[in-house]
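The structure is shown first, and the description follows.

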Amino acid sequence: MNREKLLLERPLTGAMRPDGRPLDIKEYEDTGGYQALRKALTMTPKEVQEEVKKSNLRGRGGAGFPTGLKWATMAPVEDQRRPRYLIANADEMEPGTFKDRILLEGNPHQLIEGIIITSYAIQADIAYIFLRWEYNVSKHVLQKAVLEAKEKGYIRENILNSGYSLDVIVHVSAGRYICGEETALLSALEGRRALPRPRPPHATLVGLWGRPTVVDNAETLCNVSHIMKNGADWFKGLGRTSDGGTKMYGVTGKVKHPGAWELPMGTPVREILETHAGGMADGYKFRALIPGGASTEFILEEHLDVNMDYDSLQKVGSRMGTGTMVVLDDKTCPVGFVLNLERFFSRESCGWCTPCREGLWWTERLLDAIENGKGEPEDLETLQSLTGTMGIGRTFCVLAPGAMEPLQSALKYFREDFEKHITGNRCPWR
Amino acid sequence: MPTIFIDNRPYTVKKEGGNLLHACLDLGFDIPYFCWHPALHSVGACRLCAVKQFRDENDTRGKIIMSCMTPVTENLRISVDDPEVRTFRAGIIELLMLNHPHDCPVCDEGGECHLQDMTVMTGHVYRKSRFKKRTYRNQDLGPLLNHEMNRCIHCYRCVRFYRDYAGGRDLGVFASHHHVYFGRHEDGLLQNVFSGNLAEVCPTGVFTDKTFKRHYTRTWDLQTAPSICVHCGAGCNTFPGERYGKLRRVRNRYHEEVNGYFLCDRGRFGYEFVNHSRRIRQPFLSRRTEKITGHQEGTVTTEGLFKYLSHLLHFGGKVLGIGSPTASLEANYALRTLVGPDHFCSGMSESEADLLLEISRILRSGPGRSPSLRDVAMSDGVLVLGEDVINTAPMMALALKQAVKNRPMEKVKDLGIPEWNDAFVRIAMQDEKGPLFVATPDSTGLDEIAKEVFRAAPDDLARLGFAVANAIDTDAPEVTDINGPLRALTATIASALKDAKYPLIICGTSCGNKALIHSAANIARALCKTGKPASLSFTMPECNSLGLALMEAKGIRKAFKSAAKEKAEAVVILENDLFRRADEESVNRFLDSIANIVVIASVSNRTTEKADALLPCGTFAESSGTLVNNEGRAQHFFRVFVPEGMSEGKIMESWNWLCRMLAVTENTRGGTWKTDHDIAAGLADELEIFKHVPNAAPPPEFRETGQKVPRETHRFSGRTAMLANKTVHEPKPSDDPDSPLSFSMEGFGGRPPAALIPRYWSPGWNSVQALNKFQSEIGGPLRGGVPGQRIIEPKQLGPAKINKEPFFDDIPGAFNARKDEWLFVPLFHIFGSEELSSMSPSIEELSPKPYLALNADEAQKLGFTDGDVAYVYLAGKSYSLQVRIRSALPPGVAGLPFGIPPLEGLSLPSWVRISKEEAAG
């Protein structure tokens, strides 16, 4: 397939090098890079927003909020508070998720062009790329790419004589999961303790340093230049269900080919699992999977024909989240699987609100006891009630409710396994 | 006023724009909470204040919301009693209890613990967790506060108070998830002088009063009464608590206008002088008096004592009276009545008395109005002239830290952010501050929040003040020879004060400079002429300085001159160490010239040592009376307990000693006075300015439904057992004819008038949070009136009338440094400068040793480095002092710590020589 056709079908990854090395600015421009920026700068910011709104691009960080709608809530320019900010959330720390890393390392300019166009649309003065601390390779790649873009005049005062000015700064996080939460990210960026903030008001009114701010996921922003270049209708046509565009999907676990693939939004789970990941590895049978990183509910064999998009998975009691799946095979203990996740969540709790700070600790202690043959029958009831105590709205942010999603569905689907641990005083898998 | 529905019943909410938790608590609902605080507002961290919200009458499912983070809106429907939300709240307590130690039996907080109350309120009982609790290592935070981190429930109130409200930096939150830690980066004294409030702000026993620990008793065993702090002129309201004849601790007593929810560390921890070994517990008669009384020195009977006193008073010779700015109006007035106004003086140092008389004149004539601390906190443009407020009126400094948030708050409101949404108020405000200007000789703790600071000698500060007044109104006299930078600063300050809606000028007596005081008055006058309600606040050196100034009593030199001119037969000295008021030589000369020295004192000092008759008096906790604070508010304090010896007449309230003496002389005015209320009535009758003083508190005959208000809780224990070692008979509780309070457990158990509230307690609310039930609106006024009475209100003059009053024009010349002398100014210390609080061991530990402060250049010129010994010669004596470099001091100016022995009694400012060797006489 020729390059242009590939880019129309796989816009995010189509231009990437097979060896995984990042495209430098010349290579990026050869694939048509920075054309979309030129086009956008001839439109008004409002017009750019309209196009993205029309495309129905939804946030790829896991929540799926319509991006155009978020931009529209940005405080109007008449509100004199400046600077205005755009933040690219590249703090990818959801366990099982590695899709943004591929985009950052493989095609940094794709993100940067998306950032500049988006900043123009919302009239931001400064853009930050908030990068996960562990992503050391991405840091070097992005910093180099930002320099290249500056040298070429894409990031500067009066870009391409449009009258629009922007500065882009790569900021490396000090390294905690909670920083990926939009409002905790703002606190961290300000140099404060990374605690989330209440809502309302939203960051688009009072954000970074109290100024109007939009925070978008890195993958979301990578789509923007393509939407501007090829149009909203093209984007909408890419998906297999009502959501438009492509999605970076991933699979890890005991499958033949773990990895990541850019596929049309709404590709059925089974297709991703079997056609692209090659199905289960030899000697392993499928039991369940969590579709979107650690904070999502298990789905079973019977659910595999569901489409991987924002709305379809909700019907089977789960969420698409980040779209990177973790597979549970028959030779892996589900209690141990969930314990590993809860250990992470408990450690990553910021410690601000009571249910998360204490509840996740208790959850971890209970699962640890059960996994190590020290569980008591009442423990399951306690765990069940904890999933309620840490429900949405009862905690300050969604870290704990997310942590409860795999636990709550494991208690539903694997209750017998839990009970065997308790009555047998040991883990049957070890 | 919106209507909301709580469990299907409608309620009208008084306060618009408030949060739901505040509204429900105002309505009397018992909703549990931790992280919300009426002064710190809402953050939504603890999740305990959960209620259920319903969309309409048909919604049966509802949604759990946090009431502290929910704005009150018309027709909001919630349920407090919904079973699901009750289970949720109990679940939150359960989670907090997972790691909470079983410390109640050994925890100081027990009995007034908010966590205990909330646990009972939510109904959580049974412990399900079998896992090991997380523990912490504690830190030594100094002599004032104890640190016990295992008890922490992570409500974050401590750091929010310490950092956000009080501006401290060295208490922080560390680590994350279930081992979040509140403490310092390393062990050490908490630097902020409002740290003691952590003992009340912390809902558990993490931060507790370390001084209380040394003589601990359970809270329900304390006898308490409403009192006033005597350690500075702010007049904060307190609750001292006593047991077994010993004062155990001091807690905050809420007053909407004065101290609000907080106290400073000097006021909270300065009480231990009451228990000090230097307390005088027995009357004393000197050898000289033997010829009159015929007694043997050492054994003094009341009979003998009064034989001596009545002889003295009937003798016919001149009796001088030296009052005290720390004694009550009643005691001072009784003395004045006894000796007559011509022989009475206030006992203040001469310069201080002079300045205070001027200040009282200025406040009485206006137009600048003396603000309350609450008014100070609402100011949006402030100039501090010459006062190191953190050290001379600490709670005013705390109010100023809130005042600088007022201007930025307007922007916050424009964004639609409610005032109670604490996190967002601070995010939207960022580092912006309203205008505060600090003009003082040395750097102050308020500098870091000031827009601009100005360091200069007192005369130059006065010149700045006069220049600012002139910049606001050209009718005010001009300072002609002013330099460029100063002119720019003047313009900045003038413009900020003119822009402000509530401008405030703060001055005082610290610089000992009358022109400075006049310049402050000029600024206030200039602003009032523009139609602004300008506030003019003067800090007061002592708790009743303004009271005595309003009596128009002169300073101590009046007594010295009177004794020198014509022999005085006797002098009665009321609660005053004269050696703190004048130089040693003058005091000795005066005392040596008088044959009969009667001293009424609670604590021994150099003056009591010279007494012929030493009459032990009760301290503030053992006496009652009225004090006038710097605002001009007369406030009444009540006896907390009867000290040993008082029922036998060995110790009496100072006003009581004087009443007996008045009775002996059959004084026409005061001979029949029996209670301090009688004296106050006499005072109100004779001096018009005090006409409202008797209204500062309900009179002694006041009863609530026929009952007195008990000083002891209904759980007070050991009432009969505590005296069993002396007598098995159950004695009658002491009578209190002087007030509507009783020294017993029996009496009115509800909410008495605000001035009589003896403690905060309500069923289910044993902690300080019970205060909510005593306020007509949380964070607002107490039910039953605002305690105390403002007695100074300047005449309301329209701009035309104000025009007729002249501006002050005593502009001093520019300060010129001298070659061989330095202008010594006093430097004030919250710990150390005040006489009584410095006797507390913990405060003594924190007080500085005497020093000589110089800036680095001056020190270098003299050949000193930091720590060297210098010699200064003052008032006939030589002092050796350690040099301390204070880089902010202007050239030509040196600093001496105020009130610290042996430097008390020196008259400053003063020109003094400094040398490397001991000076010749």
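## Extent of the interface

Chain B and chain A together bury about 3,400 Å², where buried area is the accessible area (1.4 Å probe) lost by two parts on being put together, summed over both; carbon and sulfur atoms account for 63% of it. On the side of chain B, the residues that lose the most area to chain A are B:L95, B:F131 and B:F424, together 18% of what that side buries. Contact (heavy atoms within 4.5 Å) links 39 residues of chain B with 44 residues of chain A.

This is a predicted model: local features need pLDDT of at least 70, side-chain atom pairs count only at pLDDT 80 or more, and totals for chains, interfaces and linings use all residues. Residues are numbered from 1 along each chain as its sequence is written, chains are lettered from A and ligands numbered from 1 in the order in which they are written, and side-chain values use heavy atoms, without hydrogens and water.

## Salt bridges

Two salt bridges cross the interface of chain B and chain A, the criterion being a side-chain nitrogen of Lys or Arg within 4 Å of a carboxyl oxygen of Asp or Glu. A:D379 and B:R130 form a salt bridge through their side chains, at 2.8 Å from N to O.

## A sheet in chain B

Chain B contains an open sheet of three strands in the order 25-26-29, with antiparallel pairing. Strands are DSSP runs (E, at least two residues), numbered from the N terminus, and two of them pair if DSSP finds at least two bridges between them. Strand 25 (625–628) and strand 29 (789–790) of chain B are the edge strands, each pairing on one side only.

Two bridges join strand 26 (residues 633–637) of chain B to strand 29 of chain B in the antiparallel sense. B:R633 lies opposite B:R790 of strand 29 of chain B.

Conventions: Helix = DSSP H or I, 4+ residues; strand = E, 2+ residues; numbered from the N terminus.
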